[in-house]
Amino acid sequence: MSTLIRSVEVLVSSPSRNFVTLRITTEDGVVGLGDATLNGRELSVASYLEDHVAPLLIGRDARRIEDTWQFLYRSAYWRRGPVTMSAIAAVDMALWDIVARLAGMPLYQLLGGASRTGILCYAHASGSDIEALGDAIRQRQDEGFRAIRIQTAIPGMGSVYGVQKGAARGQKYAYEPAKRAGLSVEEGWDTRKYLSFLPGVFEAVRNEFGPDPMLLHDAHHRLTPIQAARLGKDLEPYDLFWLEDVTPVDNPEALRLVRQHTTTPLAIGEVLNTVWDYRTLIQEQLIDYVRASVTHTGGITHLKRIFEFAGMYQIKSGSHGPTDISPVGMAAALHLDLAIHNFGMQEYMEHQPVAGEVFRTSYTFEDGLLHPGEAPGLGVEYDDEAAARFAYEPAYLPMARLADGTVHDW
Ligand code: CS2
Ligand code: MG
């Protein structure tokens, strides 16, 4: 038996959106997949892997997961950041996939086994007005979702993060923030309008749907600490499961002020990459949920470390699961979600059906719960022939400007 790495391939495909996938094959032909998709910066991670990581991996033992993680992290000299940590993540996922396939077990069994029977997840619902939002929530409930993230258009503000523009009533939510174009689309932003409109939306939703559904909202990095404190306070009567990314996370200390004013649970972190980025947030208990993805946080090895650190402070996981996490990254998240003790909630923003032609997955959704399935490894197969039909297309996330033209956080 040879578990030495024979080949490392970087696969870029675009079934409805861009994905970067790493495929590692051992001398015995065991294949592992990793997700390296970094929205709007895909090719930089592809180059990092192809030009600087792949040559270092040939001939290494695929079973040495921890050693390879430490080697890639420490020997690069340059630390952290989304490009590096997504590249390391892809290698880490692919190695775990290989080792679990070698063991003939679904990955979660190697991570300690199942700690629960299914993975609670939330869907997105959005509307151009409160009525359309109500329709979208009903549709999600009919699909079985128990937890729903709600976003609405704000009167007088044009297109806004998280709201599917021009969606007909009753149409399935298919929002994709990255737009296929050579330039970022510009959106507007007005914090005063947002802060005065949003509590009424939650009031209307609670009046119509009652206290049962778990509701979430993403403020998407737009507010100052004092504005975030006000929003958290104003939303307290509506019992949010979490309020996400209230302020840009460049200054984790900013959450101290928010915390002093509100008991609305806070989730943050989808743009952070390492356990060190989370240190203040976790040790000072400034958040309730770690919003991280396997793909952008150094893979299974490192995200497990972050979640375990968070667990010591009664902080739970809140895995990021937007469309820019590929089905490979999603599968990795689900195996981890099933195994860790302090699981909180998994985001589930379904991919377009065409992505399923390239990535054959074995995870399931039933009665509001996800499960990674019982296939060995991550449980995902990559179809090269299908992928060849979907070439990379440049796509960028939007940017936001205030009414006077000032650039704002998107
Ligand atoms: C979002 C993401 O899912 C979320 O919570 O914040 O859609 C985010 O905008 C994208 O992942 C950016 O790539
Ligand atoms: Mg978010």
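**Notebook: contacts, fold and ligand shell**

I began with Arg-116, which touches Leu-338 and Phe-343, leaving aside residues up to four places away in sequence. The model is predicted, and I read it as such.

I then looked up where Arg-116 sits: in the loop between helix H4 (107-110) and strand S4 (119-127). I counted 14 C-beta neighbours inside 10 Å for Arg-116, so this residue is partly exposed. I also checked Arg-116 against Glu-350, 234 residues apart along the chain, and found their C-alpha atoms separated by 22 Å.

Next entry: the chain as a whole. I noted 13 helices and 18 strands. Of the 410 residues, 48% are buried. The C-alpha atoms fill a box of roughly 65 × 45 × 45 Å along the principal axes. I compared the radius of gyration, 21 Å, with the value near 22 Å that a compact globule of 410 residues would have, and the two agree. For contacts with a separation of 6 or more, I found that 74% join residues 24 or more positions apart.

Next entry: helix H7, residues 225-235. Which residues of H7 are buried? I listed Ala-228, Ala-229, Leu-231, Gly-232 and Leu-235. Seen down the axis of H7, these buried residues fall within an arc of 165°, so they line one face of the helix. I looked up what covers the buried residues of H7 and noted, among others, helix H6 (191-209), strand S8 (240-244) and helix H8 (254-261).

Next entry: a sheet. I traced an open sheet of 3 strands in the order S6-S17-S18, with mixed pairing. Strand S6 (186-189) and strand S18 (407-408) stand at the edges with a single partner strand each, so one side of each has no neighbour in the sheet. I followed the pairing of S6 with strand S17 (residues 399-402), which is parallel and runs over 4 bridges. Within this part of the sheet I found Glu-187 opposite Ala-400 in S17.

Last entry: ligand 1. What surrounds ligand 1? I wrote down Asn-39, Pro-177, Asp-218, His-220, Glu-270, Pro-322, Asp-324, Glu-347, Met-349 and Leu-397. I sorted this shell by residue type and got 4 nonpolar, 2 polar and 4 charged residues.

Note on methods. Residues are numbered from 1 along each chain as its sequence is written. Chains are lettered from A and ligands numbered from 1 in the order in which they are written. This is a predicted model: local features need pLDDT of at least 70, side-chain atom pairs count only at pLDDT 80 or more; totals for chains, interfaces and linings use all residues. A residue is near a molecule or strand if its C-beta atom, placed from the backbone, lies within 6 Å of it. Ala, Val, Leu, Ile, Met, Phe, Trp, Tyr, Cys and Pro count as nonpolar, Asp, Glu, Lys and Arg as charged, and the others, Gly among them, as polar. A residue is buried if 20 or more other C-beta atoms lie within 10 Å of its own, exposed if 12 or fewer, and partly exposed in between; C-beta atoms are placed from the backbone. Helices (H or I, at least four residues) and strands (E, at least two) are DSSP runs, numbered from the N terminus. The arc is that of the directions from the helix axis to the C-beta atoms. Two residues are in contact if their C-beta atoms, placed from the backbone, lie within 7 Å. The radius of gyration is taken over C-alpha atoms; the globule rule is 2.2 Å times the number of residues to the power 0.38. Two strands pair if DSSP finds at least two bridges between them.
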